[in-house]
Amino acid sequence: METIDFSYNWNNKLAGRFFTTLRLNNPKYQVGKTFQVRLKGKDLCIVQVADFKQLMLEDINSYIAGLDTGYTVPVCKEVIRKMYPTKNWKTQRLVLVLLQVITKKDAQLLALNEINKSGEGDGVIPQVKE
């Protein structure tokens, strides 16, 4: 199974049942396709592409920037430019992928908590006592 790798849990979005990811346009992102999501090299969950939208860097608005990264539009765009410094942003397409979690085990939630506690994430999933 292909993976979608994250180095950072932007806006603590990986704790949700649905979340987005802004990526360079790639035909691998197709509705119904499944991926293993990894955070800092650790398996987190399996997701299915629920939808996707192609866009240009200039099309990023406050909704996309805020929900996907937790940043303002200018900061979000700057982060993307720094991630891909050699891309021509007048021609390079992005894709906003909506992912639905289809499996998430307790062990994976605990792994997310441990990764976030390392100080490199931006949120911790609260522990639920049964």
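Student: Where is Gln 92 found?

Tutor: Gln 92 is found in the loop between H2 and E5, where helices (H or I, at least four residues) and strands (E, at least two) are DSSP runs numbered from the N terminus. The model is a predicted one, in which local features need pLDDT of at least 70 and side-chain atom pairs count only at pLDDT 80 or more, while totals for chains, interfaces and linings use all residues. Residues are numbered from 1 along each chain as its sequence is written, and side-chain values use heavy atoms, with hydrogens and water left out.

Student: Is Gln 92 buried or exposed?

Tutor: Gln 92 counts as buried, at 18% relative accessibility; buried means under 20% relative accessible area, exposed means over 50%, and partly exposed is in between, with a 1.4 Å probe and protein chains only.

Student: And which residues is Gln 92 in contact with, leaving aside neighbours within four places in sequence?

Tutor: With those neighbours set aside, Gln 92 is in contact (heavy atoms within 4.5 Å) with Leu 24, Asn 25, Met 56 and Lys 87.

Student: Switching to rings, how many aromatic pairs are there?

Tutor: The count comes to five aromatic pairs, under a rule by which rings of Phe, Tyr and Trp (its six-membered ring) pair if their centres lie within 6.5 Å, with planes under 30 degrees apart counting as stacked, over 60 as edge-to-face and the rest as tilted.

Student: Why is the pair of Phe 6 and Phe 19 edge-to-face?

Tutor: The ring centres of Phe 6 and Phe 19 are 6.1 Å apart and their planes are at 70°, so the pair is edge-to-face. This pair links distant parts of the chain, with Phe 6 in strand E1 (residues 3-6) and Phe 19 in strand E2 (residues 18-24), 13 residues apart, and both Phe 6 and Phe 19 are buried.

Student: What sits over the ring of Phe 6?

Tutor: The charged end of Arg 23 sits over that ring, 4.8 Å from its centre; the criterion is that NZ of Lys or CZ of Arg is within 6 Å of the ring centre and within 35 degrees of the ring normal.

Student: Which residues do ring pairs link into a cluster?

Tutor: Tyr 8, Trp 10 and Tyr 71 are linked into a cluster by ring pairs. Trp 10 counts as buried at 17% relative accessibility, whereas Tyr 71 counts as partly exposed at 35%.
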